[in-house]
Every structure is written in structure tokens, then in C-alpha cells.
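Hi there,

Here is the structure I promised to pass on. Have a look at it first, and then read on for my notes.

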Amino acid sequence: MLAFTFTGCISSHKISTNEPEAYIRFGSGYHADTISLKLNTTHVLKNEIITTLEDNSGITGSYLSIYKYSILYFKDGKLKFTVLLESHYDDKIVIEQSINNRPYSYTMYFKKGKYLFISKHWYFYNVYFDQYKKTPELY
């Protein structure tokens with residue numbers, strides 16, 4: 001059963017057809033891990049359970065598309081919900097993530113790229129934030 005809560009507003013507005021300003025994809029190493037995620041002041045995910053796909057792709061099937069005023073969350077290729085941003089960002093997003101109640105943070109500067117992979121070691125609790133300028137093949 002999938003359970004999540006968030007404090008942002010759910011939007012039913014028309015989804016923008018413009019290109020997202022940034023993407024965050026959850027990569028390898030997740031095995032029924034519970035994650036929560038906050039971007040700047042906006043809570044996006046709360047106690048979401050994700051698992052890396054078993055197809056050797058190294059991804060979870062869960063990702064965020066970040067637009068100027070909203071965030072779209074996709075799971076298994078389907079739009080799950082939209083969250084309106086509580087505050088706009090200029091040149092960076094401060095990411096606060098917890099994995100199984102262990103906190104991690106990263107600042108994503110857009111000049112370094114708009115694609116971010118968040119992966120973790122399958123056994124140890126090391127978390128890796130890999131940012132790219134060009135589209136990785138998995139997007």
C-alpha cells in the first residue's frame with residue numbers, strides 16, 4: 001500500500017507543456033526504503049516507499065519534474081500528483097531528504113546542470129547526488 005502525505009497544495013491545473021527547469025530521479029540502491037523530500041520550503045514527499053527496479057536499469061521508476069511554480073511526481077511512469085511550490089527558486093534548490101529517518105542534504109545549482117540522480121549504497125547508508133548538464137540516457 002502506498003501512503004504519503006505532504007503539506008503543499010495539490011493542483012488540478014493544466015500541466016505545463018514547457019520543458020521542466022530541473023529533474024530529480026531516484027537511482028540505484030533503494031530496497032523498500034522510506035523517503036521524505038523537501039525542496040526549499042516545500043514538502044514534496046512524506047514516507048514514500050521506493051525500490052530500485054529489478055531490470056538492471058539502475059533506477060527506481062520514481063522521479064520529479066520541476067517547473068517554475070510546481071513539481072510533478074511520477075512513479076512507475078505515471079503521474080501521481082502535482083505540488084505547488086511555496087516559494088520560487090532562482091539559481092538553486094536546497095534539497096533535504098531523509099532515507100529511513102536518516103537526513104541528507106544537497107544544494108542543486110542550476111549552472112551545474114538540471115538533471116540530478118539521488119542514489120544510495122544498498123547496504124551502507126551512503127547517499128550519492130550526481131548532477132548532470134546533459135540528459136542522461138535514463139530520462
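**Notes on the loops, sheet and salt bridges**

N40 sits in the loop that joins β2 (33-39) to β3. Please keep in mind that this is a predicted model. The phi of N40 is positive, about 50°, although N40 is not a glycine. You will find N100 in the loop between β7 and β8, and with a relative accessible area of 25% it counts as partly exposed.

Four strands make up an open sheet in the order β3-β2-β7-β8, and their pairing is antiparallel. At the edges are β3 (42-50) and β8 (102-109), each of which pairs on one side only. From one strand to the next, the twist averages 20°. One place to start is V94, whose bridge partner in β8 is T107.

Now for the charged side chains. How many salt bridges does a search of the whole structure find? The search gives 3.

- K114 and E19 form one of them, with their closest N and O atoms 3.5 Å apart. Since K114 is in the loop between β8 and β9 and E19 is in the segment before β1 (22-26), this pair ties together parts that are 95 residues apart in sequence. K114 is partly exposed, at 21% relative accessible area, and E19 is partly exposed as well, at 49%.
- D33 and K120 also meet in a salt bridge, at 3.5 Å from N to O. D33 belongs to strand β2 and K120 to strand β9, so the pair ties together parts that are 87 residues apart in sequence. D33 is buried, with a relative accessible area of 6%, and K120 is buried too, at 6%.
- K75 and E48 form a salt bridge in which the closest N and O atoms are 3.1 Å apart. This pair links distant parts of the chain, with K75 in strand β5 (residues 70-75) and E48 in strand β3, 27 residues apart. Both K75 and E48 are buried.

Finally, take a look at the surface. W122, Y123 and F124 form a nonpolar patch there, with about 430 Å² of accessible area together. W122 is in the loop between β9 (115-120) and β10 (127-132). Its relative accessible area is 59%, so W122 counts as exposed.

Definitions and conventions. Residues numbered from 1 in each chain as written. Predicted model: local features only at pLDDT ≥ 70, side-chain atom pairs only at ≥ 80, totals over all residues. Heavy atoms only, no water. Pairing = 2+ DSSP bridges. Helix = DSSP H or I, 4+ residues; strand = E, 2+ residues; numbered from the N terminus. Axes fitted to C-alpha atoms, helices over the stretch in contact; angles between N-to-C directions. Patch = residues over 30% accessible without salt bridge, like charges linked within 9 Å, V, L, I, M, F, W, Y side chains within 5 Å. Areas by Shrake-Rupley, 256 points an atom, 1.4 Å probe, with all protein chains shown as cover. Salt bridge = Lys/Arg side-chain N within 4 Å of Asp/Glu carboxyl O. Buried < 20%, exposed > 50% of the residue type's maximum accessible area, 1.4 Å probe, protein only.
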